[in-house]
Number of protein chains: 2
Amino acid sequence: MKIRTAADLGAFIKERRVKLGMDQSDLAEKAGTSRKWIVEVEQGKPRAEIGLVLRTLKTLGVSLDIAIDRTQKASAASESGNVDINNILNALKKRP
Amino acid sequence: MKIRTAADLGAFIKERRVKLGMDQSDLAEKAGTSRKWIVEVEQGKPRAEIGLVLRTLKTLGVSLDIAIDRTQKASAASESGNVDINNILNALKKRP
DNA sequence: TACTAGAGTAACCGAATGGTGACATTTGGT
DNA sequence: ACCAAATGTCACCATTCGGTTACTCTAGTA
């Protein structure tokens, strides 16, 4: 599932928690945070800190993967993961 | 690439930014944040807020995917994405 | 050598965080 | 209807955030 917003994240966490038969207190304790924080994150709080988010996801047995977005208009090098010489040259053009 | 810690995230962001030929100021401006914040995140700040992180990743043309972790010892239902009846029953046992 | 771009660091500050503990509401079972 | 568990909300508070501005240091260029 693609995560684009904090709301996406919150929905996923809640769904996953319920599937595992945990309540908010269980998850909070296992993830080393507070129930209040779980509530807020499940509601899509955009300013929650990533450290706690990562710990929470780990607790839920979930992995976060990052990848070059194919739906984005990107250069060939961009997708390959190599340095994009065109982008760099373009940036250089901005010099006075 | 799997993201397990804030340091992972920071390393990825920096690598990606450089590949695209951007400097910290460029990225900060395009992502709607400050250069200071970019510096901190690239250094692995664990308390950066997810909202900004998501915006930054979007700016970098990157997508975040979430998935049930196969390396984790998980029940069959857990992997399938269905409700895990065993976990729920286990939780019920805790009732006094 | 002198200059510049880029990266890292520091101080300042208003604003928001996350934890605690309590209370209110909703839900499900007896 | 009653009760208990789970969820949602609130006030309080020490801590930290993120933005701004300015300074340093390094590497590469003229």
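A residue counts as buried when its relative accessible area is under 20%, a cut-off used in the last of the legends below, which describe close-up views of a predicted model.

**View 1. The protein surface near DNA strand D.** Sixteen is the count of residues around DNA strand D, and of these 16 residues R17(A), Q24(A), R35(A), Q43(A) and S34(B) come nearest. On the DNA side, sugar and phosphate make up 60% of those atoms of DNA strand D that come within 4 Å of the protein. Sorted by class, the surface near DNA strand D comprises nine charged, four polar and three nonpolar residues.

**View 2. Side chains at the phosphate oxygens of DNA strand D, and the elements that supply the surface.** Chain A takes part through K14(A), whose side chain has an N or O atom 3.2 Å from a phosphate oxygen of DNA strand D. Two or more residues of the surface near DNA strand D come from each of α1 (6-19) and α3 (35-42) of chain A and from α3 (35-42) of chain B, and it is α3(B) that gives the most, with three residues.

View 3. The structure holds one cavity of 30 Å³ or more, and the volume of the largest cavity is about 130 Å³. Its lining consists of 13 residues, with I50(A), L64(A), I50(B), V53(B) and L64(B) lying nearest the centre of the cavity. By class, the lining of the largest cavity has 13 nonpolar residues, with no polar and no charged ones. Both α4 (50-59) of chain A and α4 (50-59) of chain B supply at least two residues of this lining.

**View 4. The four-stranded sheet, with strands from chains A and B.** The open sheet is formed by four strands in the order β1(A)-β2(B)-β2(A)-β1(B), and their pairing is antiparallel. Since β1 (2-3) of chain A and β1 (2-3) of chain B stand at the edges, each with a single partner strand, one side of each is left without a neighbour in the sheet. Seven bridges join β2(A) to strand β2 (residues 62-68) of chain B, the two running antiparallel, and across this pairing I68(A) stands opposite V62(B) in β2(B). Strand β2 (residues 62-68) of chain A is also joined to β1(B), by two bridges and again in antiparallel fashion, and here L64(A) stands opposite I3(B) in β1(B). L64(A) is also one of the residues nearest the centre of the largest cavity.

**View 5. S63(B) within strand β2 of chain B.** S63(B) has its place in strand β2 of chain B, and its relative accessible area is 6%, so this residue is buried. The side chain of S63(B) is joined to the side chain of D65(B) by a polar contact of 3.3 Å.

Terms used:
Residues are numbered from 1 along each chain as its sequence is written. Chains are lettered from A and ligands numbered from 1 in the order in which they are written. This is a predicted model: local features need pLDDT of at least 70, side-chain atom pairs count only at pLDDT 80 or more; totals for chains, interfaces and linings use all residues. Side-chain values use heavy atoms; hydrogens and water are left out. A residue is near a molecule or strand if one of its heavy atoms lies within 4 Å of it. A polar contact is a pair of N or O atoms within 3.5 Å; within protein, one must be able to donate a hydrogen and the other to accept it, and residues adjacent in sequence count only if both atoms are side-chain atoms. Ala, Val, Leu, Ile, Met, Phe, Trp, Tyr, Cys and Pro count as nonpolar, Asp, Glu, Lys and Arg as charged, and the others, Gly among them, as polar. On a 1 Å grid over the protein atoms alone, a cavity is a set of points where a 1.4 Å probe fits but cannot get out, and a pocket is an open set with protein on both sides within 12 Å along at least five of seven lines; lining residues have an atom within 4 Å of a point. Grid points are joined across faces, edges and corners, and a volume is the space filled by probe spheres set on the points. Two strands pair if DSSP finds at least two bridges between them. Buried means under 20% relative accessible area, exposed over 50%, partly exposed in between (1.4 Å probe, protein chains only).
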